[in-house]
Amino acid sequence: MEVSVIGSSQAQIWRTELGYFRFCFGKNDERNRILSRKTNHVCFVCQSTRWRNSRLQLAVKAMKAEPVLASKPSTRSKSLGSSRLFVGLPLDAVSDCNTINHARAIAAGLKALKLLGVEGVEMPVWWGIVEKEVNGEYNWSGYLALAEMVQKVGLKLHVSLCFHGSKLPKIPLPNWMTQIGESQPDMFFTDRSGQRYKDCLSLAVDDLAILNGKTPIQVYQEFCESFKSTFSSFLGSTITGISMGLGPDGELRYPSQSHRRQAKNSRITGVGEFQCYDRNMLNLLKQHAEATGNPLWGLGGPHDAPGYDQSPISNNFFKDHGGSWETPYGEFFLSWYSSQLISHGNRLLSLASSTFSDTAASIYGKIPLMHSWNRTRSHPSELTAGFYNTVNRDGYEAVAEMFARNSCKMILPGMDLSDEHQPHESLSSPESLIGQIRTGCRKHKVEVSGENLDSRAPGGFEQIRKNVLGENLVDSITYQRMGAHFFSPEHFPSFTEFVRSLNQHKLHSDDLPQEEEVTSQNLNLTSDSSMHMQAA
C-alpha cells in the first residue's frame with residue numbers, strides 16, 4: 001500500500017501545522033473519501049497554505065521515527081510530565097477470523113501517531129475472538145500480528161482484555177459459552193421484567209462451575225495465563241499496561257442502562273434499573289437477608305424504583321426527600337448490591353495482579369462515570385450501576401481501597417466532559433464526580449489514568465488539558481478512538497494541536513525548537529521530488 005504525505009520541510013511535528021489525514025475505516029463516503037483513486041493508495045492531505053507551497057512529500061521509511069532537532073538535544077521527557085498519551089485502536093482492529101481489519105490504514109495511522117509524539121496505542125483483545133469455538137483453545141494470531149506492527153513502528157502498547165461482548169461493532173461472547181447460556185440463562189444479568197443482558201456474565205456466577213465444570217474465574221485465569229505466555233516477548237517492553245475487563249464495556253458496573261428505549265436524539269439519561277433478578281443474584285440476596293434477620297427483604301429488588309428511561313421523581317425510591325433509599329430497607333439493599341460489585345472487582349483484579357506480577361506491565365481496571373443526576377441527593381444513576389454514593393455517603397472510597405489492595409491503577413473516563421455542556425434537566429455534574437473519585441484515589445494512593453468519552457464533546461480537548469495537567473496530573477491519558485472520524489478534516493487537526501499543546505506544556509522554554517533549527521536538512525529525503533512513504 002502506498003501512503004503519501006504532502007507536507008512541510010519541518011520535521012518537528014509539534015511545530016508544524018499537520019494537515020488532514022484521510023483514511024478509509026469502513027464506508028468510503030464523500031466526507032471521508034480517499035483522495036487518490038489508485039489501488040491501495042491512501043493520501044494524507046494537508047490544507048495548510050504553508051504546506052501546500054512547500055510541495056514536499058516525505059518518505060517515512062527514510063525518516064527517523066522520532067522528531068529530530070538540528071544540533072541541540074532536547075531534554076523533554078517522552079510524556080506529559082509523568083503522564084503518557086495513548087490512542088485507542090479500532091474496536092474491530094482484529095476480525096472474528098483473526099485477521100487485521102483495515103491493516104493498511106492502521107499501519108499508516110500508527111506512523112502518523114509516532115510522528116506526533118504519542119506514547120502508544122490501546123489494543124482491545126476480545127475473549128469472543130481469541131477463544132471463539134472451544135474452551136481452552138486460543139487463537140492469538142491476529143493480535144500478535146497487530147502487536148508486531150505496533151512494535152515495529154516504535155510505539156508502546158496498552159492491552160485491554162475484554163471479557164464482554166460489543167453490539168457496535170458486533171463482537172459476541174465465545175460461541176461455546178453462548179451455547180451454555182442457552183440452557184443456563186441465569187448466568188446472565190437480569191432486570192425485574194426478566195430481560196437478560198447477554199454481553200457479559202453475571203457477577204453472581206464468578207465462583208460457580210457453570211462453564212464445562214469450570215468457574216468463570218478459572219476460565220478468565222486460563223485466558224490470562226495463555227495471553228502472558230503468548231506475548232511474553234512483548235511484556236514490559238512494548239506492552240507496558242494491561243487492563244482487566246470487569247463487566248459491561250469492560251467497566252466495573254452493573255448493566256443498569258442496557259435496555260434504554262429513549263429516542264436517539266434525547267440528551268437526558270434515565271436512572272436505569274437494578275440488575276439483581278437472575279436466580280443466582282436472588283439467591284445471594286436471600287441469604288444476606290436471612291443472615292441479617294430480615295428474610296422478607298430478600299425476595300427481590302426495590303418495588304418502587306423507576307424504569308430505565310424514567311426520572312428519579314417518577315417513583316418513590318429515589319426521591320430526594322422521603323425516598324425509600326434513605327429507609328432501613330434501602331440502606332440494606334444498596335449496601336448489599338454495591339458490596340457484590342466490589343467483591344467481583346476484587347476477585348478479577350486480584351487474579352490479574354497475581355498473574356502478571358512477575359512482568360513489568362502495570363495492571364489497570366476501569367470504572368464508569370455515571371454523572372447523570374449527580375446533583376440530586378440520591379444519585380440514582382450511580383446507585384443502579386452499583387455505586388452506593390449519595391449525599392450522605394461516599395461510594396467510591398471503598399472502590400479505591402480495593403484497587404489499592406491489588407496494586408492496580410484506575411482508568412477514569414469522561415476527562416473531556418464539562419458541567420456547562422450537560423443538559424440542565426439531567427442535573428449532571430461530571431466535574432464534581434471526577435473530583436470526588438480522584439480524592440478517594442489520592443487518599444489510598446491509587447494512580448489514575450484518564451480517558452475521553454466522546455471525541456465530539458464540546459470543548460473536549462480543553463477539558464482534557466484541565467483534567468490531566470498541573471496538580472491534576474494523571475498516569476496516562478487514552479484518547480478514544482482511531483477510525484474515520486479521528487483522521488477526518490473535522491477532527492485530526494484539532495487533535496494534532498492538542499498533542500502539540502501537551503508537548504509544549506512539558507517543555508522548558510530553552511527546550512522548545514527554534515524555527516530556524518527545524519529545516520529540510522533534518523529530513524533524510526531522496527532526490528526525487530515526488531517521494532512517498534510505504535505503509536507495508
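Helices (H or I, at least four residues) and strands (E, at least two) are DSSP runs, numbered from the N terminus. H10 itself spans residues 397-405, and its buried residues include Val399, Ala400, Met402 and Phe403. They lie on the same side of H10, because they cover an arc of only 155° around the axis; the arc is that of the directions from the helix axis to the C-beta atoms. Buried denotes a relative accessible area under 20%, exposed one over 50%, and partly exposed the range in between (1.4 Å probe, protein chains only).

Just after H10 comes Ser407, in the loop between H10 and S12. Phi of Ser407 is near 55°, a positive value in a residue other than glycine. Ser407 is exposed, with a relative accessible area of 62%.

S12 runs parallel to S11, with 3 bridges joining them; two strands pair if DSSP finds at least two bridges between them. Within this pairing, Lys366 has Ile411 of S12 as its bridge partner. S12 also pairs with strand S13 (residues 448-451), in the parallel sense and over 3 bridges. Here Met410 stands opposite Val448 in S13.

## The loop between S12 and H11

Pro423 is situated in the loop between S12 and H11, and Ser428 is placed in the loop between S12 and H11 as well. Pro423 is buried, at a relative accessible area of 10%, and Ser428 is buried at 4%.

Pro423 and Ser372 are 51 residues apart in sequence, and their C-alpha atoms are 9.3 Å apart in space.

## Strands S5 and S6

Strand S6 (residues 120-126) is mostly covered, with 7 of its 7 residues buried. Strand S5 (residues 85-88) pairs with S6 in the parallel sense over 3 bridges, and Val87 has Val121 in S6 as its bridge partner.

Asn98 is located in the loop between S5 and helix H2 (103-116). Its phi is near 65°, a positive value in a residue other than glycine. Asn98 counts as buried, at 9% relative accessibility.

## Cis peptide bonds

The peptide bond from Leu168 to Pro169 is cis, with omega near -5°. Pro169 belongs to the loop between strand S7 (156-162) and helix H5 (175-183). A cis bond also leads from Gln480 to Arg481, with omega near 0°. Arg481 is in the loop between strand S14 (476-479) and helix H13 (492-506).

## Aromatic pairs

The whole structure contains 40 aromatic pairs. The rings of Phe317 and Phe318 form an edge-to-face pair, because their centres are 5.0 Å apart and their planes stand at 90°. Rings of Phe, Tyr and Trp (its six-membered ring) pair if their centres lie within 6.5 Å; planes under 30 degrees apart count as stacked, over 60 as edge-to-face and the rest as tilted. Both Phe317 and Phe318 are buried.

Ring pairs also link a cluster made up of Trp127, Tyr138, Trp140, Phe163, Trp176, Tyr220, Phe223, Phe227, Phe231, Phe234 and Phe356.

## Overall architecture and confidence

The protein has 13 helices and 15 strands, and 59% of its 536 residues count as buried. Among contacts with a separation of 6 or more, 78% are between residues 24 or more positions apart.

The average pLDDT is 83, and 77% of the residues score at least 70; pLDDT is the predictor's confidence in each residue, from 0 to 100. It stays under 50 over residues 1-22, and pLDDT also stays under 50 over residues 27-82. Where pLDDT is low, the predicted coordinates should not be read in detail.

Residues are numbered from 1 along each chain as its sequence is written, and side-chain values use heavy atoms, with hydrogens and water left out. In this predicted model, local features need pLDDT of at least 70 and side-chain atom pairs count only at pLDDT 80 or more, while totals for chains, interfaces and linings use all residues.

Key. Contact means heavy atoms within 4.5 Å.
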